[in-house]
Amino acid sequence: MGTPETSREPCPDRILDDIGGAFGMGAVGGSAFHFLKGLYNSPKGHRLHGGAQAVRLNAPRVGGGFAVWGGLFSVFDCTMVYVRQKEDPLNSIFAGAATGGFLSMRQGFAASARSAAFGGAILALIEGAGIMLNKFLIAQQPMPVIMDDPSPPQARPTAAEFPSDSGKPWLGGLFGGGRKEEPGTNGGSETKILESFDAPPVPNFEYK
């Protein structure tokens, strides 16, 4: 999952993308707000007409204001990307502060400084919320299951490591008796190691 900076369009294409997105958001939001306001302020019998007229008069203006803000923000953001040669939340925070200060320059230095601080704080909150959301989504993704390597095979135990039989063999009665004990033993008090049988000699057919 990409971060909010890497998932956006590259500069300068993001300028047009942000202008269009900001205009659409302002137009839709402004239409809803002014339609409800027109319904409330219009007399009975003319509420729908008053709401529609309020949308026609105010929605383009609100959308244009959002488009200007989005365009300036993208211009400052791309400028920071070009200057710093990297993309991180600091670019967006500076762009928000510069946009707020630039739009309030006609009202004086104090108003411009307040708008810049307000814009930077808003963008810092937005970027912080985006980072926390990305971390939460990454933590919710299932982790891949890592299979452990199989343990090395253990050595086969010898006959001396088996415990001695204290009575009858397990399946002795079923197959007609167990292994025979050598004479002189007391029924399993000692463990006897059977000697290995050698293969029979191979006959030699050479003529002497």
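Student: Is Gln 85 buried or exposed?
Tutor: Exposed. The model is predicted, and in it Gln 85 has 61% relative accessibility, so Gln 85 counts as exposed. The cut-off for exposed is over 50%.

Student: Where is Gln 85 in the chain?
Tutor: Gln 85 is in the loop between α2 and α3, and α3 covers residues 89-103.

Student: What about the phi of Gln 85?
Tutor: Gln 85 is not a glycine, yet its phi is positive, about 60°.

Student: New topic. How many helices and strands does the chain have?
Tutor: Four helices and zero strands. From the N terminus, the order reads α-α-α-α.

Student: How do α1 and α2 pack?
Tutor: Helix α1 spans residues 13-41 and helix α2 spans residues 47-84. Their angle is about 155°, and their axes lie 5 Å apart.

Student: Which residue classes make up the contact of α1 with α2?
Tutor: That contact has 20 nonpolar residues, 13 polar ones and five charged ones.

Student: Now the whole chain. What share of residues is buried?
Tutor: Buried residues make up 23% of the 208 residues.

Student: What about contacts between residues 24 or more positions apart?
Tutor: Those account for 56% of the chain's contacts with a separation of 6 or more.

Note on methods. Residues numbered from 1 in each chain as written. Predicted model: local features only at pLDDT ≥ 70, side-chain atom pairs only at ≥ 80, totals over all residues. Heavy atoms only, no water. Axes fitted to C-alpha atoms, helices over the stretch in contact; angles between N-to-C directions. Helix = DSSP H or I, 4+ residues; strand = E, 2+ residues; numbered from the N terminus. Nonpolar A, V, L, I, M, F, W, Y, C, P; charged D, E, K, R; others polar. Buried < 20%, exposed > 50% of the residue type's maximum accessible area, 1.4 Å probe, protein only. Contact = heavy atoms within 4.5 Å.
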